[in-house]
Each structure stands twice: as C-alpha cells, then as structure tokens.
Amino acid sequence: MIEVRGLTNQYLDIDLTRRTWKVFTVDREDCMSYLGGKGIALSLLYQRFDQVEQADPLGPENLLCFSMGAFLGTRATCSARFSGVTKSPLTGIMVSSSCGGPFGEALKTAGWDGMILSGAADHPVVLRIDEQGVRFQDGRDLWGLDTVEARKALHIQPREGELVIGPAGEHLVRYANIRSGNRFLGRGGMGAVMGSKRVKAIVARGKSHRILPADEKLFERTRQRALKYSSRNSFSRRYREFGTNANTDYANKAGFAAVRNFQDRRMDGLEQLSGRTMKEQYHTVHSGCRYCSILCGHKGSYPDGEMKHIPEYETVGMFGPNIGNLDGELIGRWNDLANRLGMDTISAGGTIAWAMEAAMRGLRPSELSFGNTETIEKVLNDIAYLRDEGEELSRGTRWLAGQYGGAHFACHVKGLELAAYDPRASWGQGLGYAVTNRGGCHLGSYLVGPETMFRFLNPYSTRSKAHWVVFFEDIFSAVNSLHTCLFSVFSVILEPPAARIAPRFLLRLLMQRLPRTAEAVMDWSIFSDYYRSITGYPVTMKSLRESGRRIQVLERYMNVRLGVGSKDDTLPGRFTSEGETRHKRSSVVPIDELVRDYYALRGYDEQGIPTRQLLEEVGIKP
Ligand code: SF4
C-alpha cells in the first residue's frame, strides 16, 4: 500500500478517439489557488479553453473533467464528494456538479486526483482504471441497459466505484445525469456529454493508496470539532431525521412551494409529502454518502414491497405540486425510474410542468396536463428514448419556449430549470438563481435557508442580499473544491462559540444591517484547518475564502467568453411581474436592483463582465 499525504496531484488525460492516456501533474501553486474538486477542474479546462470555447458540448472537442479534491479518502466528515465539470449541452455554458458516490474514493485511492476525457470512442466503451492506469473495454453489451442493470453487469467489487450513464445519457437527453452508487452528478447534462463520448461506464479500482493527513493531530482535532457542530446544529439534525424533504414543512408557510409550474406558492395538502410523513409512511432508514456526519439521504419500504430511495425535496417539489400531484408513492416510483434512466429530476419535472402550462394555454399540444398522473411514467420513458413528444421535451424548457413561445413562464435561468423554491418568497434566492454561474441552480448561494428557514434575513427586502449571495457563493465554491458537502456549511459557520453566544436578534440585526460585522462572528476555520491538516499547505480561513472567490470569478469569466452577460442575469417574467398567488403575501422580485448591487460588490461592470482589475486581483490571466 502506497501512503499519500493528502494529494497525489496526478491526473489522467484520456483521449477516447485515439484510445490513449497519459499522466500529468498539477503543481502546488495551482492547488493552493484552486484547492481541488470544482476549482481545479475549472482551472484545468481554462488551460484548454481555446478548445472548450469552440466546442459543441456534444462533440468530441468538448472536455469532461472529474476532480477529487483533498478530503477524499481521509475519513474527514462528509468527505465522499467529488466534482465533474464540462460545457453543458443544456445551457451551452460551464456546468459543475458534485457527487458523493463511491467512484470518488475508489479513484483517489487508486492514486489519481482526477481525469480529463477528450475525443469520442467509435463504439461504446467501459474504462477500467487502477493504479497502473486506464484500460479500454468493449462496452457494446452494456449499451441500452439502465443504470441499475449496467451496474450489475459491471460486477462491481468492494474495492471499486463506478460512474455509469443510462438510456438518457446514451440518447443525449440534454439533462441526462451520471450515476455513482445511489448518488448523481445531477445537473446540466453531464450524462449526455459522457454519452456523446460513447463511454457507458468508468470503473475505478482503489485501495492501492492510503490517504493520510499531513498533520494527523490537527486533522483529528478538526474532525472532532466538525462532528460536534453537526450533531448539535438544528439544520443538520432536521436533515438527519427527515432528509432534505424537511424543507417541505416550510414551503407552504413561507410560500416558496413550486405549484403548477410556479403559478402558485402554496398548495393545500402539501404536508402529505413532508419528510415527517414519509418517515412514518415508509419507515425510513439512513442511506447517505460515506463518512457523512449529517446523513440527509434516506431510503424506505414502499407499499409495493420495494425498498426505494426517498426523493430529495427538489424532486418531491418538481414531481409533486409543480405538476399538480400529491401522491408520494408515485413520486417515489418516478424518482426511481428517472434514476434508472439517468436523468435530472429537477429539469425533467420543470420541463414537464412547462409543457403542461403551454398545453393549457393552447401554445403546444401535449398529452400532459396538471394533476393528470397517468401520463408521467410514459413521458419519462419517452424523454429518455426520444419517442413521441419526449424527443422535444428532452431539449429542456428554454428550447421549448424558443419554439412555441411561453418564455414568460419558462422557469429556467440561462437554460437550467429552477429547483422547487419560488423566489418570490425569498428575494435573495431570486438573486442567487439569476447570477449563479451554472444557471437556475438553488445551490449557488442558497439564501432561501437564511431567509425563510433560519429567518436571519427579511425575505422580502433587498437589503444586504447581494452581500450574502457573494459571501455564500465564495464559501460554497471553496467547499465544492475541498471537497466536502455544502450541507455542512451552516453547521460549520453557525455553531462556533461566537456565533452561538450571540443573541439571535443581534445576529439577525447584524446580518440584515451590518453584514460585514456579522461575517466577523462567523467562522469557517473547520474547512481551512481540514485542508491545511490534510495537505500541509498553509491555507487560512481568509485565503480559503479568497480561493472560493477566484473560482467563482474564473467560472464567470469562462461563461462571459461563452456569451453570458447582463441580459442573462435575470429571472423569468413570472417572478418579476406576477405578484398575486394563493399565498397571503403579494410579491415580485426586484431583480434589476438586486443584480446591480451584486455586480458592484463582485467587481463586474454593468454588462456583468469581470473587470480587468478584478481578474488581475484574483490572478486570472485573460
Ligand atoms: S449531507 Fe447528504 S449529500 Fe451531504 S454528504 Fe451527507 S448524505 Fe451526502
């Protein structure tokens, strides 16, 4: 067994067209600047950006990078995670995705910190990777299998972890995902990119390398602190007990429920789909990522006798109220089906909801209608196999609205469908959707938490929102690069003694009115201490945040080169002009003001372009 202190810095460069591979290294400076995970992956693609910029996302020129980060293999809390980055076939801009499946640990303990796939194979292949390198195997027998069948056919051994695509990826559905165990690289169509390269699966065989922290004492001290914080933090405790579906309890009251393609913000009977109800109905047990100290993942026994994964809040929202459905069993079944087919449930649900409303308004004929659950299973299959109207639905909401009209209620940003949080209930979340680099993603800054769940910020005010979006974007980008789980952020920053002893009203006041002072009470040294203890690199809390900012700006700059600008940093008309819903509070998001504030804080010009001075400051060469 080879011992590694933190990082191997060894990456694989795999050319699928030529069936060759070679090893390259990432130097210490780049590691300190970009940390790992999402950050390093973006920086590697930026080094070859002349190619990526011109590439058709589904053409052989596009690059698909997987990057592991420093935490993997160390037993750090929530450390099973790794990132994928590519140019998205759904949005046409950069997309990153984080996953907690077993592939990460297997690749890392095979001695590789990541890999880049380029070109395309001339027939389906399976890549087998171990400490010796890469073997190309014929994958034709597996092509056509769903993700569960394919995993079985791969005969995965205990030392191994896999990435696999389903029929949706093979058929280039623009929002196809990649599966690893029961976790997914979910958003932006990474599965279609893998399918376009004709890679059905990648299997890594690990445990030839042992990953040890450079400073074991500091590592253990930090781990104990992280365990303590996450065990007492109320957000973590709720997720541990009810999964992300704990959010359903807030959805009606706060008014962020996505109902019938976001026509409404609350729905009677929604409690039938809450995490609490599902826990009772399906006798749930934990099923999370390895080394997790929060355990948001659950599975349960459904009445059909099967043990299924309990859908995430976002899936429940998009396959539930957003299409007029309150049947939890059906949502569990469709979630399972989408996972087998290999497609993102948020984009699938959002696209189906748009088609329902377009049909209702006579814009586009469809067999779909709100509340009619009979057709959903067939449509999900049709999307994956490009049959009937599924062929059009496979292209996503933006494309459909471009063909048929209805852009006003096409609930996406930059082509990425919104998750089940209505921004009219959470203006900071609205700003997050509008400016998050990968498009309408809820996890760019997630202000819906501080605004509606912890109630630190007034959800219907513009005050300080740009500040907190910038802050959480920087921290989340760093966390997605370390790489650990975003869900640990709230326990890390809100549980240290200073934040705990500060009276709640004071914290509220500071966050709302003096955000810089509020930041000083927060403490994310668990993340920097972990990184320093694992790698031995002199990373501090301040430099960690600076790395997050650099990663954020780099991603923005790459997107600007791909055509993104101020015209794209906005919300669909529904959220900026339709104030009346069945929620008691009328609200539209004042998005222009919010975005203006955000640009000023970020150092972007009024077109939303990072200024030369900003690029120099963070060390990005244009
Ligand atoms: S909190 Fe959930 S997503 Fe995060 S590492 Fe744990 S199980 Fe995985």
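Q: Where in the chain is the place of Thr-462?
A: In this predicted model, Thr-462 has its place in the loop between helix H19 (448-453) and helix H20.

Q: Why is Thr-462 called buried?
A: The relative accessible area of Thr-462 is 18%, and the word buried is used for values under 20%, so Thr-462 counts as buried.

Q: Which residues does Thr-462 touch?
A: When residues up to four places away in sequence are not counted, Thr-462 touches Trp-427, Pro-590, Glu-593 and Leu-594.

Q: Why does Tyr-291 count as partly exposed?
A: The relative accessibility of Tyr-291 is 25%, and partly exposed covers what lies in between the 20% cut-off for buried and the 50% cut-off for exposed, so Tyr-291 is placed in that class. The residue lies in the loop between strand S15 (285-286) and strand S16 (298-301).

Q: What is said of the phi of Tyr-291?
A: Phi of Tyr-291 is near 65°, which is a positive value in a residue other than glycine. Most residues other than glycine have a negative phi.

Q: Which other loop holds a residue with a positive phi, Leu-35?
A: Leu-35 has a positive phi of about 70°, although it is not a glycine, and it lies in the loop between helix H1 (28-34) and helix H2.

Q: Why is Leu-35 called buried?
A: Its relative accessible area is 0%, and buried means a value under 20%, so Leu-35 falls in the buried class.

Q: What makes H2 a mostly covered helix?
A: In H2, 10 of the 11 residues are buried, and among them are Gly-37, Ile-40, Ala-41, Leu-44 and Tyr-46.

Q: How does helix H2 pack with helix H26?
A: Helix H2 (residues 37-47) packs with helix H26 (residues 541-561) at an angle of about 35°, and their axes are 10 Å apart. The crossing of H2 and H26 is left-handed. On the H2 side the contact includes Lys-38, Leu-42 and Tyr-46, and on the H26 side it includes Ile-551, Leu-554 and Arg-561. The residues of this contact divide into 7 nonpolar, 2 polar and 3 charged.

Q: What makes S10 a mostly covered strand?
A: For strand S10 (residues 160-164), 5 of its 5 residues are buried. Glu-160, Glu-162 and Val-164 point one way from S10, whereas Gly-161 and Leu-163 point the other way. In a regular strand the side chains alternate between the two faces of the sheet.

Q: How do you know that S10 and S13 pair?
A: S10 and strand S13 (residues 199-205) are joined over 5 bridges in the antiparallel sense, and two strands count as a pair when there are at least two bridges between them, so S10 and S13 meet that condition. At one of these places, Val-164 has Ala-201 of S13 as its bridge partner.

Q: What makes S3 and S6 the edge strands of their sheet?
A: The open sheet has 6 strands in the order S3-S2-S7-S4-S5-S6, with mixed pairing, and strand S3 (20-25) and strand S6 (94-99) each pair on one side only. The twist averages 15° from one strand to the next. Within this sheet, strand S2 (residues 10-15) runs parallel to strand S7 (residues 114-118), and 5 bridges join them; Asp-15 stands opposite Ser-118 in S7.

Q: In what order do the 3 strands of the antiparallel open sheet stand?
A: Their order is S15-S16-S17, and the edge strands S15 and strand S17 (307-309) each pair on one side only. S16 and S17 pair over 3 bridges, and Lys-299 stands opposite His-309 in S17.

Q: What kind of peptide bond joins Leu-482 and His-483?
A: The bond is cis, with omega about 25°, and His-483 has its place in the loop between H20 and helix H21 (489-494). Most peptide bonds are trans.

Q: Which residues surround the ligand?
A: Among them are Arg-81, Arg-183, Cys-289, Cys-292, Cys-296, Cys-485 and Phe-487. By class, the shell around the ligand has 7 nonpolar, 2 polar and 2 charged residues.

Conventions: Residues are numbered from 1 along each chain as its sequence is written. This is a predicted model: local features need pLDDT of at least 70, side-chain atom pairs count only at pLDDT 80 or more; totals for chains, interfaces and linings use all residues. Side-chain values use heavy atoms; hydrogens and water are left out. Axes are lines fitted to C-alpha atoms, for helices over the stretch in contact, and angles run from 0 to 180 degrees between N-to-C directions. Helices (H or I, at least four residues) and strands (E, at least two) are DSSP runs, numbered from the N terminus. A crossing is left-handed if the near helix is turned anticlockwise from the far one by less than a right angle, and right-handed if clockwise. Contact means heavy atoms within 4.5 Å. Ala, Val, Leu, Ile, Met, Phe, Trp, Tyr, Cys and Pro count as nonpolar, Asp, Glu, Lys and Arg as charged, and the others, Gly among them, as polar. Buried means under 20% relative accessible area, exposed over 50%, partly exposed in between (1.4 Å probe, protein chains only). A residue is near a molecule or strand if one of its heavy atoms lies within 4 Å of it.
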